[in-house]
Amino acid sequence: MTSQTDAPATTLGADLAVRVLEQIPTPIMAVDMDYKIIFMNAVGRELTGLSWDKLQGAPCYEVFHSLHCGTPECCMAKAWAAGRPFSALNEAELGGRKTPIEYSATPLKNAQGQIVGGLEYILDITERVRAEKKLREQSRTIQEISTPAISLWEGIVVLPVVGVVDSVRAKQMMGAMLGKIKETAAKIIILDIQGVAAVDTAVANHLIKITKATKLMGCRCIISGISPAVAEAIVQLGIDLGDVATNSTLRDALSDAFALLHIDVKRTK
């Protein structure tokens, strides 16, 4: 941890500018054309965990050890070559640990407009990366819950569908079904759409694509849960389901699946 008294010295007569930079809550660093550090504000020194005595004159790539250091991806090198700012996500080694950062580099010019160094603005985005990872995990969990492929019987898988079926949902359904077919070597898969409120041309096309994909894997698909309203809508829209097998109830679909697999289920007393 460093303090304001550890601030870089200046002989440029710009005490106010230095004080402003020192109090900006974003790490700011300035380097010369040899990548040697000529300024770093208080937040920047705190981020590195080093005092100004150790930072002054040190090459920035020896301080940060980032993935971009010494490579064409370095934003500072890009900024100098193009004469304009560049920003990117990166990973630096700070305090002995890998730290995700977002940084921006811009050329530092003298009074004559010549590039004499560069400025970098650095953000520690560890919390943001953690939050994004958590959101991805939650999204993946929600997808798995909303598209559960269930092994109902040996060789028979059921996929109950509830809610709206759009292109994204259809892709999830297809992935879940094909994955379950591969996992279980299923021969019949029942796509139960009882929980789908409405079926239009787009939804019907998604369902047809799913049935075709399952057929390519040697598995027959039966669509169950066709309500009177859905059946009427399909007829009115002139949708041709082709040779796709359909049933009004899951029970009927399961009965057909047993027949196709030559499974005889008997009631016992």
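Arg97 has a relative accessibility of 41% and so counts as partly exposed, a class lying between buried (under 20% relative accessible area) and exposed (over 50%), with a 1.4 Å probe and protein chains only. The model is predicted, with local features needing pLDDT of at least 70 and side-chain atom pairs pLDDT 80 or more, while totals for chains, interfaces and linings use all residues. Residues are numbered from 1 along each chain as its sequence is written, and side-chain values use heavy atoms, leaving out hydrogens and water.

**Salt bridges**
- Arg97 and Asp124 meet through their side chains in a salt bridge at 3.8 Å, N to O, the term requiring a side-chain nitrogen of Lys or Arg within 4 Å of a carboxyl oxygen of Asp or Glu.
- This pair links strand 4 (residues 97-109) with strand 5 (residues 115-124), its members being 27 residues apart; helices (H or I, at least four residues) and strands (E, at least two) are DSSP runs numbered from the N terminus.
- Asp124, at 36% relative accessibility, is likewise partly exposed.
- Glu102 forms a salt bridge with Arg128, with the closest N and O atoms 2.8 Å apart, and because Glu102 lies in strand 4 and Arg128 in helix 6 (residues 126-146), the pair ties together parts 26 residues apart in sequence.

**Within helix 7**
- Glu183 forms a salt bridge with Lys180, the closest N and O atoms being 3.9 Å apart, and the two are separated by about one helical turn because they are three residues apart in helix 7.
- Glu183 counts as exposed at 60% relative accessibility, whereas Lys180 counts as buried at 17%.
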